[in-house]
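Take the chain and its coordinates together. The walk below goes from one region to the next.

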Amino acid sequence: MRRTVSLKKGLNLNLEGGIDSDVRTAAPLPSCVALIPDDFPGFLPKPDVAEGDAVAAGSPLLRDKTDSRIKLVSPVAGTVRAIVRGARRKIERVIVDVDPARVAEAVTVAPFAGAPAETVAEALMASGLWILMRRRPYDIIPSPSDRPRAIMVTAMDTAPLAPSLEKLVEGCGAELKAGVDALRKLTDGTIYIGVEKGGSFPDIEGAEIVEFPRLHPAGNAGVQIANIAPVNKGESVWTLDVTVLLRIGRLALTGRPDWNTVVAVTGSEVVEPRLVDTIVGAPLELLLKGNVKTDGRHHRIISGNVLTGTRESAEGFLRYPYRQVTVIPEGDDADEFMGWASLSPSKMSASPSFLGHFLRRKFAPDARINGGRRAMIMSGEYDKVFPMDILPEYLIKAILAKDIDRMEALGIYEVAPEDFALAEYVDPSKLELQKIVRQGLDYLRSEV
């Protein structure tokens with residue numbers, strides 16, 4: 001079954017540094033990988049290994065304190081180099097040195113195609129794939145005891161310079177079908193797959209294909225859910241992207257987890273934007289080596305896209321969802337006439353006050369926010385790029401006030417921080433909207 005949803009609100013950022021070819025480059029085997037617990041909201045990590053322990057691919061590194069079956073596993077075979085802790089002994093990351101002689105060593109599970117729900121859930125938790133799914137409300141890792149009303153699979157990414165998810169899973173119909181069959185055991189509702197309108201994503205038996213226009217943020221799971229079947233209080237919907245669905249399908253058929261990934265190396269400061277085959281948690285230095293411009297400018301390295309990604313150093317690691325790295329100018333060394341108020345046609349803006357707003361060209365913006373943070377301005381700008389039946393400005397005010405009743409009435413159960421990324425970009429108040437929404441969701445979960 002296939003249907004189409006029309007969206008009119010949103011904004012595509014036309015940036016330099018996009019990928020023009022589907023050709024992939026294989027990165028060398030990394031010397032180490034790292035996993036960061038903060039990438040998995042709702043996961044309370046407890047070490048399952050010590051420094052110096054030998055691990056295979058799929059061996060648990062961390063377990064959830066509330067349910068030890070939920071694990072963060074090593075994507076490679078090797079030795080645990082370090083469990084890095086920060087303030088109050090918070091686990092910031094676990095680094096594993098890769099052993100080239102043990103590349104094929106992996107923890108496997110019994111293939112579970114056609115197995116009952118309990119077997120499917122146990123296999124996903126044992127393999128470490130469970131932690132790659134999310135639950136609405138709260139945008140956290142789902143509980144094994146939860147029975148979602150529906151499951152939303154996103155097969156399109158409309159974020160700036162993002163790779164085509166459809167291309168990444170091309171030719172893998174059997175694995176995707178096995179993944180859908182496995183997920184159907186975990187819900188009594190519908191499996192939805194959100195795809196790009198006019199694309200070539202195939203129909204999959206057991207799933208409803210829903211087409212969306214390529215207008216950001218239409219690729220967000222929250223936007224897709226809100227326009228198909230909004231989440232109400234007391235309900236839950238699980239979300240994942242199609243690359244995770246592919247991993248689930250392969251695990252169901254073979255019993256062997258797949259921790260390889262395809263990363264889009266993008267951005268205006270990249271010499272040759274390209275797709276790179278590597279491993280989850282790989283060092284960014286390996287992905288960027290020899291491919292960053294030596295133009296004397298300071299660089300902002302982002303694991304992810306420019307709207308929702310995480311700032312990293314050159315010595316950092318690939319972060320969840322493990323499929324994009326962006327390099328743009330930092331901007332702290334910029335010297336331009338009139339600064340942020342410059343009327344230069346090279347300045348990108350969503351506001352018609354700037355000439356660049358009317359030009360159909362690609363831009364190379366830097367990381368400056370062009371102004372200091374200030375009091376919240378009720379300008380109506382959020383609503384112009386927010387394709388959900390929610391009043392975003394009023395919801396943000398309710399979160400800041402910690403007014404639970406108001407938050408619930410305004411639809412906080414439907415949203416995740418990424419849904420506010422575009423509103424954060426156009427915000428004249430320069431507020432950290434994604435951070436505010438994350439804090440609001442965590443507060444609501446702790447109080448309700």
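The paragraphs that follow cover a sheet, a loop, some helices and the charged pairs.

This is a predicted model. Four strands form an open sheet in the order 3-9-8-5, and the pairing is antiparallel. Strand 3 (32-35) and strand 5 (54-55) are the edges, each pairing on one side only. Look at the strand 5 edge. Strand 5 and strand 8 (residues 78-85) run antiparallel and are joined by 2 bridges. There, V55 faces G78 of strand 8.

D38 pairs with K90, and their closest N and O atoms are 2.9 Å apart. D38 sits in the loop between strand 3 and strand 4 (45-47), while K90 sits in the loop between strand 8 and strand 9 (91-98), 52 residues apart. D38 has 47% relative accessibility, so D38 counts as partly exposed. K90 is also partly exposed, at 41%.

Now move to the loop between strand 10 and strand 11. P137 is placed there. The peptide bond leading from R136 to P137 is cis, with omega near 5°. Most peptide bonds are trans, and most residues other than glycine have a negative phi. Y138 lies in this loop too. Its phi is near 85°, a positive value in a residue other than glycine. D139 is found in the loop as well. D139 is not a glycine either, yet its phi is positive, about 55°. Y138 has 11% relative accessibility, so Y138 counts as buried. D139 has 13%, so D139 is buried as well.

The bond from H216 to P217 is cis, with omega near 15°. P217 is in the loop between strand 13 (208-212) and helix 4 (221-226).

Next, the rings. The structure has 5 aromatic pairs. One of them joins Y138 and Y413: the ring centres are 6.1 Å apart and the planes stand at 80°, so this pair is edge-to-face. The two residues come from distant parts of the chain, 275 residues apart, with Y138 in the loop between strand 10 (134-136) and strand 11 (150-154) and Y413 in the loop between helix 9 and helix 10. Both Y138 and Y413 are buried. F386 and F420 make a tilted pair, 4.9 Å centre to centre with 50° between the planes. F386 is in the loop between helix 7 and helix 8 and F420 in the loop between helix 9 and helix 10, so this pair ties together parts 34 residues apart in sequence. F386 and F420 are both buried. Elsewhere, ring pairs link F40, Y320 and Y322 into a cluster.

Helix 11 (residues 433-447) has 15 residues. From first C-alpha to last, helix 11 reaches 21 Å, close to the 21 Å expected at 1.5 Å a residue. Its buried residues include L433, I436, V437, G440, L441 and L444. What do the buried residues of helix 11 pack against? Their partners are helix 7 (381-384), helix 8 (392-400), helix 9 (404-409) and helix 10 (421-426).

Helix 8 holds E393. E393 is buried but has no salt bridge. K397 is the nearest side chain of opposite charge, and K397 is 8.6 Å away. The cut-off for a salt bridge is 4 Å. Leaving out residues up to four places away in sequence, E393 touches residues including M376, M378, E381 and Y382.

Other charges do pair. The structure holds 34 salt bridges. One of them joins D383 and K9, with closest N and O atoms 3.0 Å apart. This link spans 374 residues, from D383 in helix 7 to K9 in the loop between strand 1 (2-4) and strand 2 (24-26). D383 is partly exposed at 30% relative accessibility, and K9 is partly exposed at 32%. R102 bridges to E105 at 2.9 Å between closest N and O atoms. R102 is buried at 19%, whereas E105 is partly exposed at 37%.

Salt bridges link R136, D139, E418, D419, R438, D442 and R445.

How values were computed: Residues are numbered from 1 along each chain as its sequence is written. This is a predicted model: local features need pLDDT of at least 70, side-chain atom pairs count only at pLDDT 80 or more; totals for chains, interfaces and linings use all residues. Side-chain values use heavy atoms; hydrogens and water are left out. The expected span of a helix is 1.5 Å times one less than its number of residues. Buried means under 20% relative accessible area, exposed over 50%, partly exposed in between (1.4 Å probe, protein chains only). Contact means heavy atoms within 4.5 Å. Lys and Arg count as positive and Asp and Glu as negative; His and the chain ends are not counted. Two strands pair if DSSP finds at least two bridges between them. Rings of Phe, Tyr and Trp (its six-membered ring) pair if their centres lie within 6.5 Å; planes under 30 degrees apart count as stacked, over 60 as edge-to-face and the rest as tilted.
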